[in-house]
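The sequence and structure are shown first.

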Amino acid sequence: MTKRSKKYVDASHEAFGLRLATNISLISSLYFSLYPEKEKASYFPKLLDKMEQLFLKRPEELKELDLKRAKVGNWYQSEQLTGMQLYVDRFNKDIKGLDEKLPYFEELGINFLHLMPITTRPSGENDGGYAVNSYHKIDARYGTRKEFLAFTKKARSKNMILMLDFVVNHTSDEFEWAKKAIAGEEKYQNYYHTYPDRQIPDAFEKTLPEIFPATAPGSFTYNKSMERWVMTCFNSYQWDLNYTNPEILIAMLENLLNLANMGVDVVRFDALAFLWKKIGTISQNLPEAHQLVSLFRMCLQVIAPGVILLAEAIVAPRNIIKYFGEGLLEGNECEVAYNASLMALLWNSIATKKTSLLYKSLLETPSKPQDGTWINYIRCHDDIGLGYDDDFIRDLGLSPREHRKFLLDYYCGGLDWSPAKGLLFMYNPKNGDGRITGSAASLLGLEKALEQKDKNSITEAVAKILMLHGIILSYGGIPLIYAGDEIGMLNDYTFLENEDHKDDSRWVNRPKQDWEAVNKLASKKNHASSIFNGLKKMIQLRKKLPVFADVSPPITHPSSNPHIFVFERTNGKDRVWVISNFDENTQFLHVSWLFTIGIHPENNLKDGITGKKLKLERNLLQLSAYEHLWIMGG
Ligand code: GLC
């Protein structure tokens, strides 16, 4: 080691020591509130030793990045970020194929990638890789570890942020711990929630909701070889980890760092609401789950402070924001969370053509802490759940049950007049509960419009696609586009022919990237090029407007027009008003109302996206079907 690099190593070790000193009291109070039992105290020093070992293993280049990021502060709130989510194999074969497409991301303006799981998994059903056989071995179908490391290095050099999943709640039944548990090793049976008979499982199941009721009913699976029941909240082959065992905490911290050390910048904490189980509760969002996430966060803060966490908590709006940390834990849990409420509300507004539930929910749900940010998305690889607050639906004079039935009918083929083409997911005929699957374009009417060769409907569907994306690009947070939606890809029904996928309709919204369509973007004018170019324009503009950094919350402005959604972004210096018409008819806003929210049309205001002057007639601002404006200035 040269003198200079030795100096650097000492300094970075010293920084580790300082971070530990700063955070040790919170780490120990979290640890001992989760593990108050005497026999678990001896694991605390083991945890501290492990933290140091893991720090020493972190590559120097990443340690340097950690220090740089600490100086920048909340880098994840920047307006410069725009993300895309993709399955590496469905996008372009493998890691090498992904690497080849870096120019494609650059062209669209994507600089944040969520790569779906790429580590080893069981052959056959594996929930798209969410049943993990390993947390760090790259599955051969994607390439090698060496290739992935080269890719992360290249991504870093291009300032491309990488997000990968940490499937923190469960492993597959082929994971090495599960195998040892099956072979009868008690130590590993205690890594999971396993029981010799039905007594405890029955007690749990009295209150545990089913996640996949249609395909994986119940929350326990009997393993014949082990002669025990094991908790499986998701699929029968996904075994829930037992975090009441501190050995699991330490082993999973190591797995988390193994992932981070490959050059992952954002770790998606999968299904984190489920981490702590307690008989008599629904075992979701428990205070202990929050403490545990915070404990992971604080350990990471000491070992690799440049790495941040995304909460995958698709839960009720009031519960989502708790994952940013509440009370003493504020700012000490996840930096980022999915804005699942906004996502579900946008789909509600599309179906109802009204914005009342959207406004009500946004105005009446407590806002997130300032240091956190959202992933804003219109859909992801999963289903769209109808997670609205029932009280808000009732306040609008609707019955929550009937309203949800209307939405399922609207999106899943129950209404002839609906332009949407989606499928039901986990529909339960007993109580009418269900969720929706479908690609953005198919849910927004493009598939039907193309089938009917109806030009107006095609134009309308394209406008809807751009409008919803325009909202997530301007709302505040990291916009995340699902790969394929940028060219309006339709539902992929081939999943019905795949034995391992046919019972999981989420595969309908995971189409393989259509490179043929991409190759024609420049030469052919069609719906794909309109969507791609429209998105590209908005992404470019987003990056030029510092007002879109998530430093102050969007201000919603309800008007007397029930079809229109208006919010304002301001940073004290600049202002942008984002206006969307959720109706298929032209809608109007009166100038006197625009004045009240600070828009002065007499100043020759323009829509930033098209550069066109606002359409004003008889003191009314006109918005055509699904028109979406970014009004700049004021
Ligand atoms: C998350 C993933 C989903 C998966 C589940 C179980 O919700 O997004 O795809 O099925 O976790 O791992």
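In this predicted model, helix α14 (residues 340–352) packs with helix α17 (residues 400–411) at an angle of about 75 degrees, and their axes are 10 Å apart. Because angles of 65 to 115 degrees count as roughly perpendicular, α14 is roughly perpendicular to α17. On the α14 side, W347, N348, I350, A351 and T352 make the contact, while α17 contributes H403, F406, L407, Y410 and Y411. Sorted by class, this contact of α14 with α17 contains seven nonpolar residues, three polar residues and no charged residues.

Helix α14 also packs with helix α15 (residues 356–364); the two axes come within 8 Å and cross at roughly 160 degrees. Since angles over 145 degrees count as roughly antiparallel, α14 is roughly antiparallel to α15. Here L342, L345, L346, N348 and S349 of α14 meet L357, L358, S361 and L362 of α15. The class composition of the contact of α14 with α15 is six nonpolar, three polar and no charged residues. N348 of α14 takes part in the contact with α17 and in the contact with α15.

The description now turns to the ligand. Which residues are around the ligand? They are D127, Y130, H170, F212, F234, Q238, R268, D270, E312, H381, D382 and R506. By class, this shell comprises three nonpolar, three polar and six charged residues. Polar side-chain atoms of H170, R268 and D382 are listed below with their distances to an oxygen atom of the ligand.

| Residue | Distance from a polar side-chain atom to an oxygen atom of the ligand |
|---|---|
| H170 | 2.8 Å |
| R268 | 3.0 Å |
| D382 | 2.4 Å |

How much of the accessible area that the ligand has on its own does the protein cover? Of 310 Å², the protein covers 95%.

The shell around the ligand, by class, has six charged residues.

Key
Residues numbered from 1 in each chain as written. Predicted model: local features only at pLDDT ≥ 70, side-chain atom pairs only at ≥ 80, totals over all residues. Heavy atoms only, no water. Near = heavy atom within 4 Å. Polar contact = N/O pair within 3.5 Å; in protein donor to acceptor, adjacent residues only side chain to side chain. Areas by Shrake-Rupley, 256 points an atom, 1.4 Å probe, with all protein chains shown as cover. Nonpolar A, V, L, I, M, F, W, Y, C, P; charged D, E, K, R; others polar. Axes fitted to C-alpha atoms, helices over the stretch in contact; angles between N-to-C directions. Helix = DSSP H or I, 4+ residues; strand = E, 2+ residues; numbered from the N terminus. Parallel < 35°, antiparallel > 145°, perpendicular 65-115°, else oblique. Contact = heavy atoms within 4.5 Å.
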